[in-house]
Amino acid sequence: MKVARYPLTWLAPEQVVRILSGPLRGSRWIVGSARHAYWLGSYEREKQRQIANELKPGDVFYDIGANVGFYTLLAARRLITGSVYAFEPLPKNIAYLREHLK
């Protein structure tokens, strides 16, 4: 499996890529902000689908411990007429969260 992941080491941590699959497909993602599974679209696939399917227009979504904003971004994309609140204590993660939401 290490051989299959080797090409991923060529990506610079600050490089911005598009998420390849899942409900966030096409969203911008900073490679070094979290594991590659996030931007590959394979991170917690079933949970992504469940959250995306549960969110309805006008809902309120609280992301407690938002980390770098993966589920915040998912909720923001789905809740055009709702509200999303993200809480994250670590400044480094907050910086990534803000960049992902731009």
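Visitor: Which residues does His-100 touch, leaving out those up to four places away in sequence?
Guide: With that exclusion, His-100 touches Arg-28, Trp-29, Ile-30, Ser-33, Val-68 and Leu-73. Please note that this is a predicted model.

Visitor: Where does His-100 lie, and is His-100 buried or exposed?
Guide: His-100 lies in helix H5. His-100 counts as buried because its relative accessibility is 4%, and buried means under 20%.

Visitor: Which other residues of H5 are buried?
Guide: Helix H5 covers residues 91–101, and its buried residues are Asn-93, Tyr-96, Leu-97 and His-100. Viewed down the axis of H5, these buried residues fall within an arc of 105°, so they line one face of the helix.

Visitor: What is exposed on the other side of H5?
Guide: Pro-91 and Arg-98 are exposed there.

Visitor: And what covers the buried residues of H5?
Guide: The cover includes S2, helix H4 (70–78) and strand S4 (83–87).

Visitor: Back to Ser-33, then. Where is Ser-33 found?
Guide: Ser-33 is in the loop between strand S2 (28–30) and helix H2 (36–40). At 10% relative accessibility, Ser-33 counts as buried.

Visitor: What does Ser-33 touch, not counting residues up to four places away in sequence?
Guide: Ser-33 touches Val-68, Tyr-96 and His-100 on that basis. Tyr-96 and His-100 are among the buried residues of H5.

Visitor: Which polar partners does the side chain of Ser-33 have?
Guide: A polar contact of 3.3 Å joins the side chain of Ser-33 to that of Trp-29.

Visitor: What separates the C-alpha atoms of Ser-33 and Leu-73?
Guide: Their C-alpha atoms are separated by 14 Å, and the two residues are 40 residues apart along the chain.

Visitor: Let us turn to Thr-72. Which helix holds Thr-72, and is Thr-72 buried or exposed?
Guide: Thr-72 lies in helix H4. Thr-72 is buried, with a relative accessible area of 3%.

Visitor: What is in contact with Thr-72, leaving aside neighbours within four places in sequence?
Guide: Thr-72 is in contact with Asp-63, Ala-66, Val-84, Ala-86, Leu-97 and Leu-101. One of these, Leu-97, belongs to the buried residues of H5.

Visitor: How do H3 and H4 pack?
Guide: Two packed helices are described by the angle between their axes and the distance between the axes. For H3 and H4, the angle is about 35° and the axes are 10 Å apart. H3 passes H4 in a right-handed crossing.

Visitor: Which residues meet between H3 and H4?
Guide: From H3, Lys-47, Gln-48, Ile-51 and Ala-52 meet Phe-70, Tyr-71, Leu-74 and Arg-78 of H4.

Visitor: Which residues of H3 are buried?
Guide: Gln-48, Ile-51 and Ala-52 are the buried residues of H3. Seen down the axis of H3, they fall within an arc of 100°, so they line one face of the helix. Strand S3 (60–64) and H4 are included in what covers them. On the other side of H3, Asn-53 and Glu-54 are exposed.

Visitor: A change of topic: charges. How many salt bridges does a search of the whole structure find?
Guide: The search finds three salt bridges. Side chains of opposite charge can pair when their charged atoms come close.

Visitor: Which side chain meets Lys-47 in a salt bridge?
Guide: Lys-47 pairs with Glu-44, with an N to O distance of 3.6 Å. Lys-47 counts as partly exposed at 39% relative accessibility, and Glu-44 counts as partly exposed at 32%.

Visitor: What about Glu-46?
Guide: The side chain of Glu-46 meets that of Arg-49 in a salt bridge at 3.5 Å, N to O. Both residues lie in helix H3 (residues 45–54), three residues apart, about one turn of the helix. Glu-46 is partly exposed at 46% relative accessible area, and Arg-49 is partly exposed at 43%.

Visitor: And which residue does Glu-99 pair with?
Guide: Glu-99 forms a salt bridge with Lys-102 at 2.9 Å, N to O. Glu-99 is partly exposed, with a relative accessible area of 31%, whereas Lys-102 is exposed at 68%.

Conventions
Residues numbered from 1 in each chain as written. Predicted model: local features only at pLDDT ≥ 70, side-chain atom pairs only at ≥ 80, totals over all residues. Heavy atoms only, no water. Salt bridge = Lys/Arg side-chain N within 4 Å of Asp/Glu carboxyl O. Buried < 20%, exposed > 50% of the residue type's maximum accessible area, 1.4 Å probe, protein only. Helix = DSSP H or I, 4+ residues; strand = E, 2+ residues; numbered from the N terminus. Contact = heavy atoms within 4.5 Å. Polar contact = N/O pair within 3.5 Å; in protein donor to acceptor, adjacent residues only side chain to side chain. Arc of directions from axis to C-beta. Axes fitted to C-alpha atoms, helices over the stretch in contact; angles between N-to-C directions. Left-handed = near helix turned anticlockwise from the far one by under 90°.
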